[in-house]
Each structure stands twice: as C-alpha cells, then as structure tokens.
Amino acid sequence: MNSFGKRAQGERLERMRASALWNGEGFRNLHPIAPGLRDLSVPRPTLKEFLGAGDRRTPAAPLPAHDPREAWSQPARSGLRATWLGHSTVLIEIDGHRVLTDPVWGTRASPFRLLGPKRFQPVPLRLRQMPEVDVVVISHDHYDHLDYPTIRALARHSAVPFVTSLGVGAHLQAWGVAPERITELDWWESHRVPGTGLTITAAPSQHFSGRGLKDRNATLWSSMVVQSERHRVFFSGDTGLTTEYATIRERLGPFDLVMLEVGAFHPSWGDIHLGPLNALKAHALLGGGAFLPVHWGTFSLAMHAWDEPAETLLQAAQGSGTALLMPRLGEAVEPAALRPVVPWWRALGQVQPMPAAPTETHTLQRDLPWPLD
C-alpha cells in the first residue's frame with residue numbers, strides 16, 4: 001500500500017492552499033476546456049476493455065533498443081542531447097549536465113504488482129547502470145510518471161535532487177527522499193539547481209492528478225521547462241491542448257527541444273491528453289523547435305494500437321516543416337543534428353485503425369479516476 005503515496009500535511013499543505021490554482025478542495029485547470037477537445041458522444045472505455053489485450057495494443061515482438069552508454073561517454077557536440085528511455089522517461093544532456101524526466105523503471109503503471117497496465121518494453125538499461133544525474137524532474141503523480149520502486153531506488157542509492165509540482169513531494173518524502181532534496185513548484189515558479197546553472201520552471205498544463213479513489217487533484221500537475229545559458233527544453237508531462245502554450249512560448253521560449261505526449265489518447269478524454277494531432281497544434285503554439293514525441297511505446301493506456309501515435313504523427317507532420325525526432329529506445333539524438341525520420345516501428349507490423357468506441361458501460365467506471373494516467 002506504500003505505492004499509493006501520502007497526502008500533504010502541515011506547511012506543505014498550507015503552501016498548496018495558497019496557490020491560485022487551489023479551489024478549496026484540490027487543484028484545478030485554469031482555463032475552460034476548448035470546444036471540440038472532448039467528444040461527449042463517445043462513451044468512455046469500460047474497465048474490462050481498458051485492462052484487456054485489445055487489437056494490437058502491444059507489439060508482436062520486442063522493440064529495437066540501443067544501449068546508450070557508449071554515446072553518453074562522449075559529450076554532446078551541440079551541448080544538447082536527448083535519449084528517450086521509454087514512455088515519458090528521457091535523459092536530457094544540456095551543457096554538461098544531466099536531467100532525468102519522469103523516471104519509470106517499474107513493471108506496471110499501477111499500485112499493484114499483479115494488476116494494472118504492464119510495460120511491454122523494458123528500459124534499455126537498468127537503473128543501476130544509469131550515470132549520475134544532476135536533477136530529476138517529475139511532472140505529476142500518476143503511476144506512469146511517478147513510480148514507487150524507481151523512487152525508492154533513487155532514494156537509497158543517490159543524492160540527486162528532485163523538482164516537481166506542488167504536493168508531489170509528500171509522496172517522495174514518504175518513500176525515503178530527504179526533504180532537503182525536494183523542491184515543489186507552483187506554475188511559473190522557478191528553481192535554480194545548485195552547482196549546475198540550470199533553471200527548472202513549472203508551467204501550465206491541462207490534466208489532473210491522483211493515485212487512489214479519494215485523492216483526485218490533491219497534487220498539482222505541470223509542464224516543465226529546463227533552461228541553461230545556451231539551451232531551453234520544454235517537457236509537457238501529461239496535458240490536453242490549451243492556449244496557455246502560447247503564453248509559455250512568450251514567457252519561457254523559444255525552445256531548442258520540445259517533448260510532447262502523443263499516446264494514450266481517446267475522443268472521450270481529449271481534454272486531458274493531446275494525442276498526435278493536438279500535439280502538432282501545441283508544438284506550433286510553443287513556437288516550434290525540434291519535436292520529440294513521448295508518452296508512447298511502453299504501456300497500453302488507451303484503446304488504440306501501440307504504434308498509432310507514432311504513425312499518425314509522422315503522416316500528419318509531412319509537408320509541415322515540423323522538425324521531428326523519432327529515435328529508437330536508447331538512441332541518443334541531438335536536435336541540432338536533425339536527420340530524416342526512420343519509421344522503425346513499421347518493422348513490427350503496420351498500424352491499424354483505432355477500434356470503434358465501446359457502447360457498454362461498467363459499474364466500476366463511476367468510481368475510478370478515468371482515465372488512469
């Protein structure tokens with residue numbers, strides 16, 4: 001039960017309540033949902049369908065993966081390099097420093113060892129094989145972004161600092177991370193990582209939070225911006241499309257690298273996940289920059305085929321001039337050295353259309369925070 005985390009108390013809770021995003025009971029999204037993002041005519045998937053195998057929701061064979069350690073042994077020529085390690089876990093090398101986003105090495109995006117979405121692709125290397133990082137950035141507290149066994153391991157074997165959203169530090173501290181290693185940010189607040197010259201800023205996103213049935217929106221969700229003297233990187237965390245991206249561009253851009261979620265989308269929850277088409281719109285609002293898609297290729301968290309986010313993104317971006325980075329797992333890439341996209345996922349079988357939305361309901365659906373990520 002430790003994986004559920006802990007609710008904020010004391011000074012941490014008082015600081016959360018002082019946020020303009022606190023509505024008296026929890027956090028809220030700032031702006032109304034834009035028309036058309038959520039299709040109310042499409043029923044939400046049932047729990048049975050969500051937990052089921054579905055049609056091509058996992059790949060038929062292991063995904064190609066690189067061991068990135070040889071690449072990491074040499075500095076990035078441009079000063080900025082990114083290595084996608086699966087889902088939303090990315091190692092960012094920025095002007096000689098390392099930033100790790102939403103680290104998840106666990107086998108399930110779930111509080112349970114035997115139930116819940118199981119990863120169909122391991123991380124290209126074990127956590128103990130990772131180089132030392134200068135800071136871990138965590139966007140919000142959902143299981144596919146905040147992983148209990150990974151945090152426990154980092155707490156035991158590393159002194160790395162954590163930067164996260166308001167309230168999430170209560171989970172980290174409960175799992176053994178010393179409070180002096182935790183910095184929690186409200187939107188537009190910044191933290192300068194000691195000894196690095198890096199600044200981490202929490203920025204708006206449109207999502208929700210919670211790890212159980214009774215803690216919905218008890219912690220904040222954020223996008224995160226990592227800035228050095230020479231480079232700026234945007235990491236979306238989880239989000240739906242919002243005009244706040246234009247404000248982020250004005251206040252924190254331009255960006256050399258933009259990492260946006262493209263997976264786990266469905267018409268009935270289009271307000272809190274981008275999907276590939278809205279990710280392209282978000283990318284434009286952010287002012288461009290090399291686009292590295294994340295939040296796909298690891299867990300089956302929606303009804304679509306495992307490779308549909310990548311295939312749809314690639315096809316929709318054709319002719320738009322979008323600078324796509326779509327590396328294999330563990331393949332270190334530099335935004336300044338763009339190469340044509342190689343659709344490596346096609347070797348595992350062609351993408352098929354998304355199955356029709358279900359029409360039945362499930363009694364547990366009313367009680368679950370839906371979707372679960």
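Tutor: Helices and strands here are DSSP runs, numbered from the N terminus. The model is predicted. Ser 73 sits in the loop between α3 (69–72) and β1 (80–86).

Student: Why is Ser 73 called partly exposed?

Tutor: Its relative accessible area is 49%. Buried means under 20% and exposed means over 50%. Ser 73 is therefore partly exposed.

Student: What makes the approach of Ser 73 to Glu 70 a polar contact?

Tutor: A polar atom of the Ser 73 side chain lies 2.5 Å from the backbone oxygen of Glu 70.

Student: Why do Arg 15 and Glu 189 count as a salt bridge?

Tutor: Their side chains meet at 2.5 Å, N to O. The limit is within 4 Å, so the pair qualifies. Arg 15 is in helix α1 (residues 10–17), and Glu 189 is in the loop between β6 (182–185) and β7 (190–193), 174 residues apart.

Student: What about Arg 346 and Glu 311?

Tutor: They too form a salt bridge, with the closest N and O atoms 2.7 Å apart. Arg 346 lies in the segment after β13 (332–333) and Glu 311 in helix α8 (residues 308–317), so the pair ties together parts 35 residues apart in sequence.

Definitions and conventions:
Residues numbered from 1 in each chain as written. Predicted model: local features only at pLDDT ≥ 70, side-chain atom pairs only at ≥ 80, totals over all residues. Heavy atoms only, no water. Helix = DSSP H or I, 4+ residues; strand = E, 2+ residues; numbered from the N terminus. Buried < 20%, exposed > 50% of the residue type's maximum accessible area, 1.4 Å probe, protein only. Polar contact = N/O pair within 3.5 Å; in protein donor to acceptor, adjacent residues only side chain to side chain.
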